[in-house]
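Have the structure open and follow along.

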Amino acid sequence: MTLRIGVIGTGAIGRDHMRRINQTLSGAKVTAVSDVNIESVRTARADLAPEAEVVGSGEELAASAGVDAVVVTSWGATHEQYVLAAIAAGKPVFCEKPLSTTAAGAGRIVEAETAFGRRLVQVGFMRRYDAGYRMLKAVVENEIGRPLMVHAAHRNPSVPEQYITPMAIQDTLIHEIDVLRWLLDDDYVSAQVISPRRTRHAHARVEDPQIVLLETKSGIRIDVEIFVNCRYGYDIQCQVVGEEGLASLPDPMAVVMRKDAKLQSAIMTDWKDRFIDSYDLELQDFIKAAARGTASGPTAWDGYVAAVSSDACVEAQSQPGSIVPISLPARPALYN
């Protein structure tokens with residue numbers, strides 16, 4: 001049976017997911033779409049899902065008898081209300097990050113799903129599906145002894161004027177917050193943010209670069225460089241130092257060229273290209289689980305932990321050099 005998916009939010013990532021559901025992946029089709037921008041939803045429907053119904057609101061879409069599962073790719077501040085609507089309808093829901101823009105909102109989703117009694121929510125932390133990160137995790141777990149330190153970097157060529165300092169955490173570091181916790185199987189206990197010399201390429205409303213220092217429950221120390229105006233490309237780095245050795249995230253495959261007295265290879269500039277296979281894998285995983293009436297992959301609890309950790313990092317931004325504690329309640333049994 002083909003899973004009938006309703007998509008809420010038809011911006012860039014929504015359109016991309018509509019394309020992969022209808023043209024790349026198997027077992028599902030887009031049967032309903034909704035967006036507050038009526039022109040956007042009509043265009044997306046015409047281009048990618050001409051048979052889909054245009055529904056007036058996300059809540060109506062979640063309740064629709066013509067929808068078996070929901071994909072939420074709307075503006076971040078609306079994620080909570082649409083995920084809660086899907087849970088209330090008893091339907092599996094894939095939510096792009098963030099699960100909620102506040103820890104309190106993510107907590108309400110965890111409470112609703114726990115009360116429902118079955119997993120319905122998958123959060124779009126696609127790096128867990130990246131082949132390089134999966135290889136790295138296998139090495140960390142089996143080859144280099146207990147992890148002691150992690151050195152990571154998240155670099156973008158540039159960011160627009162509307163990108164402001166807290167977004168370095170909420171939109172950029174949020175990926176490292178989740179994937180490093182998954183990689184190490186360890187929760188965070190504190191965060192600290194420091195700012196080195198400012199790049200001349202940063203606009204007035206963003207502090208750039210920044211260094212985030214995290215500590216885990218087991219004592220692992222993590223430093224993450226966030227440099228969103230690095231100019232040279234989109235570059236994700238991660239090195240784990242263990243008691244018996246160290247392991248690094250492999251760079252994306254690229255041809256090495258010898259030309260004009262230079263040894264060189266191309267560096268990607270678009271984040272969508274860097275993790276395109278991961279997006280396919282995570283959504284196919286969702287479709288497979290949703291067909292059974294449940295969810296797989298990153299949980300609502302993972303989204304909640306990421307929100308709590310993100311809030312602590314944003315607080316640390318406003319207190320340069322100060323160490324901000326990160327505390328979590330007990331994990332609900334549903335997520336054990």
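Before we start, helices (H or I, at least four residues) and strands (E, at least two) are DSSP runs, numbered from the N terminus.

## What you're looking at

This is a predicted model, where local features need pLDDT of at least 70, side-chain atom pairs count only at pLDDT 80 or more, and totals for chains, interfaces and linings use all residues. Residues are numbered from 1 along each chain as its sequence is written, and side-chain values use heavy atoms, with hydrogens and water left out.

## The largest pocket

A pocket here is an open set of points on a 1 Å grid over the protein atoms alone, with protein on both sides within 12 Å along at least five of seven lines; a cavity is a set where a 1.4 Å probe fits but cannot get out, and lining residues have an atom within 4 Å of a point. Points are joined across faces, edges and corners, and a volume is the space filled by probe spheres set on them.

The largest pocket comes out at about 1200 Å³. It has 44 lining residues, and Lys97, Pro98, Met167, Asp171 and Trp271 lie nearest its centre. Helix 7 gives the largest share of that lining, 6 residues. Sorted by class, the lining holds 21 nonpolar, 18 polar and 5 charged residues (Ala, Val, Leu, Ile, Met, Phe, Trp, Tyr, Cys and Pro count as nonpolar, Asp, Glu, Lys and Arg as charged, and the others, Gly among them, as polar). Where does this pocket lie? Domain 1 (3-126 + 277-298) and domain 2 (131-272 + 307-335) both give residues to its lining, so the pocket lies between them. Those domain bounds come from an automatic or database domain assignment.

## The second largest pocket

Next comes a pocket of about 270 Å³. It is lined by 16 residues, with Asp130, Ala131, Pro252, Arg274 and Asp277 closest to its centre. Helix 6 (131-142), helix 8 and helix 9 (276-290) each give two or more residues to the lining, and helix 9 has the largest share, with 4. The class count is 9 nonpolar, 2 polar and 5 charged.

## The nonpolar cores

In soluble globular proteins, nonpolar side chains tend to be buried together. A nonpolar core is a set of buried Ala, Val, Leu, Ile, Met, Phe, Trp, Tyr and Cys residues joined through side-chain atoms within 4.5 Å. Buried means under 20% relative accessible area, exposed over 50%, and partly exposed in between (1.4 Å probe, protein chains only).

The largest core has 76 residues, and Val70, Val83, Leu99, Val121, Leu180 and Ile222 have the most contacts inside it. Both domain 1 and domain 2 give residues to this core, so it lies between them. Apart from it lies another core, of 21 residues, among them Leu3, Met18, Ala28 and Ala290.

## A covered helix

Helix 4 (residues 79-88) is mostly covered, with 7 of its 10 residues buried. Those are His79, Glu80, Tyr82, Val83, Ala85, Ala86 and Ile87. Just after helix 4, Gly90 takes a positive phi of about 70 degrees.
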